[in-house]
Amino acid sequence: MASSAMEASVVTSLRTVLQRVQQAAEKSGRRSDQVRVVAVSKTKPVSLIRQVYDAEHRCFGENYVQEIVDKAPQLPDDIEWHFIGHLQSNKAKSLLASVPNLAMVETVDDEKIADRLNRIVGDIGRKPLKVMVQVNTSGEESKSGVEPGDCVELVKHVKLACPNLEFSGLMTIGMLDYTSTPENFGTLADCRTEVCKALDIAEDQCELSMGMSGDFEQAIEMGSTNVRIGSTIFGAREYPKKETN
């Protein structure tokens, strides 16, 4: 009984989020279909993801390779999976080989991982992989991402040296202190301006992935085209308790 109530509440939460996205998009002079909602299902069971899928949602995000590798084969292959966590080079092959419907890796943060993904895509013969370059806009050492000043060079590397990758845009994780989040979002928008100018790319061809459960409306109003929403849809995350020896 409890699980069916949870499933119903997840669908209700999804619809509420989509409505809020629509309102924020309209406030910024855009249509809601110009903002992608990535439902972040980290730590959540396949049964709950299936409920959101059955409510006509198709775009899901995972932070850990093992989780997406375990879950993807149990779910329909028309799901568009986004990998949004830090990707280690030694796990890239497992991710790409195990999830043929991986639509995007949002967290390319250096040339090494770009080169690794480019090589694996070529080796396994899949279609070009969409990627975003992750930018550390907050200056926090705990956050992954290229420094804003190095953003253009990394994007240039992806576009010119990685033919099996399709550069799609820029991604950032804002600070938890929401008072400073607008500054982080503004920094990412500035990076896009610089990238587009340096590489002669139209701004509508360079997405901005920014905004999560606590700040996605503000992110949309500042130009986000891709919001990553987990707990507001699925509820608080449940992490397994660590055993104490």
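Colleague: What share of the accessible surface of the protein chain belongs to carbon and sulfur atoms?

Modeller: Keep in mind that this is a predicted model. The accessible surface of the protein chain comes to about 12,100 Å². The part of that surface belonging to carbon and sulfur atoms is 47%.

Colleague: And how compact is the chain for its 245 residues?

Modeller: The secondary structure comes to nine helices and eight strands. The globule rule gives 18 Å for 245 residues, and the radius of gyration of the chain is close to that, so the chain is as compact as a globular protein of that length. The radius of gyration itself is 18 Å.

Colleague: What percentage of the contacts with a separation of 6 or more is between residues 24 or more positions apart?

Modeller: Some background on the chain: buried residues make up 50% of its 245 residues. As for the contacts with a separation of 6 or more, the share from residues 24 or more positions apart is 61%.

Colleague: UniProt has a modified residue in here; where does the record place "N6-(pyridoxal phosphate)lysine"?

Modeller: That feature comes from an unreviewed UniProt entry. The residue it points to lies in the loop between β1 (36-40) and α2 (46-54). The position given in the record is Lys42.

Colleague: Is Lys42 buried or exposed?

Modeller: Buried means under 20% relative accessible area. Lys42 has 11% relative accessibility, so it counts as buried.

Colleague: Let's move on to α2: what arc do its buried residues cover around the axis?

Modeller: The buried residues of α2 are Val46, Leu48, Ile49, Val52 and Tyr53. They sit on the same side of α2, because the arc they cover around the axis is only 160°.

Colleague: Last one: which backbone oxygen lies 3.1 Å from a polar atom of the Ser224 side chain?

Modeller: Ser224 is in the loop between α8 (216-221) and β8 (226-229), and it counts as buried because its relative accessibility is 0%. Beyond its neighbours within four places in sequence, Ser224 is in contact with Arg30, Val35, Leu208, Ser209, Met210 and Ala219. The backbone oxygen of Leu208 lies 3.3 Å from a polar atom of the Ser224 side chain. The one at 3.1 Å is the backbone oxygen of Asn226.

Technical notes
Residues are numbered from 1 along each chain as its sequence is written. This is a predicted model: local features need pLDDT of at least 70, side-chain atom pairs count only at pLDDT 80 or more; totals for chains, interfaces and linings use all residues. Side-chain values use heavy atoms; hydrogens and water are left out. Helices (H or I, at least four residues) and strands (E, at least two) are DSSP runs, numbered from the N terminus. Buried means under 20% relative accessible area, exposed over 50%, partly exposed in between (1.4 Å probe, protein chains only). A polar contact is a pair of N or O atoms within 3.5 Å; within protein, one must be able to donate a hydrogen and the other to accept it, and residues adjacent in sequence count only if both atoms are side-chain atoms. Contact means heavy atoms within 4.5 Å. UniProt positions are given in the numbering used here, feature names are shortened, and annotations may be inferred rather than shown by experiment. The arc is that of the directions from the helix axis to the C-beta atoms. The radius of gyration is taken over C-alpha atoms; the globule rule is 2.2 Å times the number of residues to the power 0.38. Accessible areas come from the Shrake-Rupley method with a 1.4 Å probe; for residues, only the protein chains shown count as cover.
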